[in-house]
Amino acid sequence: MSHQARKRFGQNFLHDATAIERILQAISVQPDQTIVEIGPGQGALTLPLLHAGGRVEAVELDRDLIEPLIGKAAAAGTLVVHQADALKFDFARLAGAGKLRIVGNLPYNISTPLLFHLLQQSDYIQDMHFMLQKEVVQRMAAQPGGGDYGRLSVMIQYHCRVAPLFTIGPESFRPAPKVDSAFVRLTPWQQAPVQVDDYASLDALVKQAFAQRRKTLRNTLKGLLDENDIRACGIDPGRRPQELSLDQYASLSNRLALPP
Ligand code: SAM
């Protein structure tokens, strides 16, 4: 029986062979390598990954999809499916001796919280390849100054090198989403690109800074840092949150982390 795509699970299944081939080339799975796939769905990526010789550990929330997928994959290779919510899943426990390679055509309705969840586990991750809404990839890769630059840009770029690879139109999916999609590679840095003394301080500061992005730093950072603190980092308190680089956010957070 054919599966009725569920909107609440962000189900837009890939069916475009050319797009799937480009994705496989970008991932470049090696024989016997384990790939962790988020949301395997009906196996559009899972089966080619298995055929390429990979082992796949998949995390799928919709239990109705799992049995048919296991059936289809049986002849193709080793697939383990965890019926779970990827937002709560402990990916680190899948990392054995080596780091994880994670892939997914992600459910767009939860992509931002899912990315933040994965960033918390980035020490265990070798790389991530994701299909996302095009605007989300633009925000991830954005540089200071533009309207796309925000909390997601700063926090992703602190953890990972962001490489947008290509865009894919709605017609490559069934049902077709209302938005364009983009495929992106995220590679966690071996060593952080800036010195951050206390990660929780960076996280709190960036969150508060962008909560009211039209205000100046002197207003938006109230309660965390005062004007003198901001100036002590060499930053004009009259500037706005989207004008600051990752390096400048790191300096401000290190000031916040200082004991009183
Ligand atoms: N990989 C398939 C493809 O490319 O055709 C399906 C992609 S579809 C955009 C997203 C998939 O993620 C669906 O299979 C959906 O059931 C699953 N999903 C949705 N929310 C999830 C969650 N919180 N945790 C794990 N999987 C989820």
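**Sheet architecture and helix packing**

The predicted model contains an open sheet of seven strands in the order 4-3-2-5-6-9-7, with mixed pairing. Strand 4 and strand 7 (160-168) are the edge strands; each has a single partner strand, so one side of each lacks a neighbour in the sheet. On average, neighbouring strands of this sheet are turned by 20° against each other, direction ignored. Helices (H or I, at least four residues) and strands (E, at least two) are DSSP runs numbered from the N terminus, and two strands pair if DSSP finds at least two bridges between them. Because this is a predicted model, local features need pLDDT of at least 70 and side-chain atom pairs count only at pLDDT 80 or more, whereas totals for chains, interfaces and linings use all residues. Residues are numbered from 1 along each chain as its sequence is written, and side-chain values use heavy atoms, with hydrogens and water left out.

Strand 3 (residues 55-60) pairs with strand 4 (residues 79-83) in the parallel sense over five bridges; Glu 60 has Gln 83 of strand 4 as its bridge partner. With helix 3 (residues 63-73), these two strands make a right-handed β-α-β unit (with the strands pointing away from the viewer, the path from the first strand over the helix to the second runs clockwise). Helix 3 lies across strand 3 and strand 4 and runs at about 175° to strand 4. Axes are lines fitted to C-alpha atoms, for helices over the stretch in contact, and angles run from 0 to 180 degrees between N-to-C directions.

Strand 2 (residues 34-38) and strand 5 (residues 100-105) are also paired in the parallel sense, over three bridges, with Val 103 in strand 5 as the bridge partner of Glu 37. Helix 4 (residues 111-119) packs on the sheet and touches strand 2, strand 5, strand 6 (125-133), strand 7 and strand 9 (181-188); contact means heavy atoms within 4.5 Å.

The axes of helix 4 and helix 6 (residues 151-159) come within 11 Å and cross at roughly 30°. Helix 4 is therefore roughly parallel to helix 6 (angles under 35 degrees count as roughly parallel, over 145 as roughly antiparallel, 65 to 115 as roughly perpendicular and the rest as oblique). Thr 112, Leu 115, Phe 116 and Leu 119 of helix 4 meet Arg 151, Leu 152, Met 155, Ile 156 and His 159 of helix 6.

Helix 7 (residues 199-211) and helix 10 (residues 246-257) pack at an angle of about 115°, their axes 9 Å apart.
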